[in-house]
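This report describes one protein chain, moving between single elements and the whole. Please keep the sequence and the structure in view while reading.

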Amino acid sequence: MCTSIIFSPRDHYFGRNLDLEVTFGQQVVITPRDYVFKFRDMPKIDHHYAMVGIALNADSYPLYFDAANEKGLGMVGLNYPDNAIYYDVKEGKDNIASFEFIPWILGQAATVAEAKKLLSTINITKKNFSDKMQASPLHWIIADKTGVSIVVETDADGMHVYDNPVGCLTNNPQFPKQLFNLNNYADVSAAMPKNNFSDQVKMDGYSRGLGSRNLPGGMDSESRFVRVAFNKFNAPTSDSEEENVDTYFHILHSVEQQKGLDQVGPDAFEYTIYSDGINLDKGIFYYTTYTNKQINVVDMNKEDLDSSDLITYDMLTKGKFNHQN
Ligand SMILES: C[C@H](CCC(=O)NCC(=O)O)[C@H]1CC[C@H]2[C@@H]3[C@H](O)C[C@@H]4C[C@H](O)CC[C@]4(C)[C@H]3CC[C@]12C
């Protein structure tokens with residue numbers, strides 16, 4: 001499972017937790033403006049917006065899991081099993097394979113409004129990257145530096161583009177159902193609850209935090225959706241980049257999956273492999289990993305963005321203990 005948020009305390013921070021039981025050897029990958037993007041059914045694009053994110057560098061092709069471009073438009077793909085349907089190539093459409101979707105949008109659109117224009121002519125095709133790398137069933141959240149976001153789902157009845165009023169996404173079920181489910185948590189609060197039960201029963205609030213007692217605590221995608229939305233809406237904001245980035249990671253880590261809690265096979269447990277966030281206003285990429293909670297930073301502006309080869313950084317997965325005596 002995975003969780004994605006856009007958090008807008010002052011600048012706008014966008015990214016995700018990647019939860020899985022296996023790791024692919026993904027890296028921080030910057031695609032500069034003159035890298036040539038080839039598409040299966042569309043003409044190549046040899047000049048585009050530069051982007052940074054987490055990708056698998058597959059023979060110098062960036063298979064992005066999530067990324068943002070230099071204009072402050074970001075996009076995250078999350079697992080959407082049993083619902084995602086990709087289609088056959090359609091005449092008269094922009095036919096884009098699911099693994100080409102992030103480069104196609106981020107290469108050309110600067111805002112969510114521009115992304116929507118591209119989406120109106122897109123057909124997501126079922127082509128695989130390779131026999132070994134089959135298309136995975138995803139849905140996507142797209143956000144920009146105004147704080148606006150949308151969700152794209154390709155279901156059996158076609159492609160849906162939803163405005164996203166909560167600025168987060170997890171996995172199943174379909175996005176409208178996730179939003180509807182929030183109704184069940186309308187009375188969850190950071191404040192101490194009022195006794196609406198009965199004035200004949202004395203309740204003296206035996207513990208702090210009782211207002212959030214009914215937040216769902218599970219690893220499942222509905223629970224994470226409710227929890228991360230609540231935590232984000234109640235998060236403090238600051239004028240300091242460091243404080244805001246720190247708060248951003250607190251929000252994502254509040255739905256992270258500890259090893260051992262989410263069994264997906266006889267000896268396999270899904271866990272939060274990495275959490276990342278891009279400052280969409282500044283093009284600065286931050287991440288933590290399961291074993292390294294120190295916030296690591298890659299600033300895309302420090303690279304030569306007018307070049308043509310992928311720029312990659314291995315993720316720093318080794319944490320440090322600060323011994324004080
Ligand atoms: C499985 C994860 C999503 C995390 C998640 O929700 N997983 C757990 C679950 O719910 O089961 C998705 C997110 C991005 C996906 C990758 C990207 O789309 C890039 C690439 C695309 C290829 O078509 C397939 C491999 C490959 C490399 C994808 C493998 C599956 C990934 C890594």
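What span should the 13 residues of helix α5 have at 1.5 Å a residue, and how far apart are its end C-alpha atoms?

The model examined here is a predicted one. Helix α5 covers residues 241-253.

Several residues of α5 are buried: Glu241, Asn244, Val245, Thr247, Tyr248, Phe249, Ile251 and Leu252. Their cover includes one helix, α4 (221-233). It also includes the strands β1 (2-7), β2 (13-20), β15 (271-279), β16 (284-289) and β17 (292-299).

## The chain as a whole

The protein chain contains five helices and 18 strands. Its radius of gyration is 20 Å, close to the 20 Å that the globule rule gives for 325 residues, so the chain is as compact as a globular protein of that length. Taken along the principal axes, the box filled by its C-alpha atoms is roughly 70 × 60 × 45 Å.

Of the 325 residues, 52% count as buried. Among contacts with a separation of 6 or more, 66% are made by residues 24 or more positions apart. The accessible surface amounts to about 16000 Å², and carbon and sulfur atoms hold 50% of that surface. The chain carries 29 positive and 43 negative charges, whose mean positions are 2 Å apart.

## Helix α1

Is helix α1 largely enclosed or largely open? Helix α1 is formed by residues 101-108, and seven of these eight residues are buried; the helix is therefore largely enclosed by the rest of the structure. The buried residues are Phe101, Ile102, Pro103, Trp104, Ile105, Leu106 and Gly107.

## His12 in its loop

His12 belongs to the loop between β1 and β2. Is His12 buried or exposed? Its relative accessible area is 11%. Residues under 20% count as buried, and His12 is therefore placed in that class.

Which residues are in contact with His12, leaving aside its neighbours within four places in sequence? They are Ile6, Phe7, Lys145, Thr146, Gly147, Ile278, Asn279, Leu280 and Asp281. Tyr206 is 194 residues away from His12 in sequence, and the C-alpha atoms of the two residues are 38 Å apart in space.

The peptide bond that joins Asn172 and Pro173 is cis, with an omega of about 0°. Pro173 is located in the loop between β12 (168-169) and α3 (175-181).

Two residues other than glycine have a positive phi: Ser60, with a value near 65°, and Asp82, with a value near 70°. Ser60 is in the loop between β4 (51-58) and β5 (61-69), while Asp82 is in the loop between β6 (73-79) and β7 (94-97). With a relative accessible area of 47%, Ser60 is partly exposed. Asp82 has a relative accessibility of 79% and counts as exposed.

How values were computed
Residues numbered from 1 in each chain as written. Predicted model: local features only at pLDDT ≥ 70, side-chain atom pairs only at ≥ 80, totals over all residues. Heavy atoms only, no water. Helix = DSSP H or I, 4+ residues; strand = E, 2+ residues; numbered from the N terminus. Rg over C-alpha atoms; globule rule 2.2 N^0.38 Å. Buried < 20%, exposed > 50% of the residue type's maximum accessible area, 1.4 Å probe, protein only. Contact = heavy atoms within 4.5 Å. Areas by Shrake-Rupley, 256 points an atom, 1.4 Å probe, with all protein chains shown as cover. Lys, Arg positive; Asp, Glu negative; His and termini not counted. Charge placed at Lys NZ, Arg CZ, Asp CG, Glu CD. Expected span 1.5 Å × (residues − 1).
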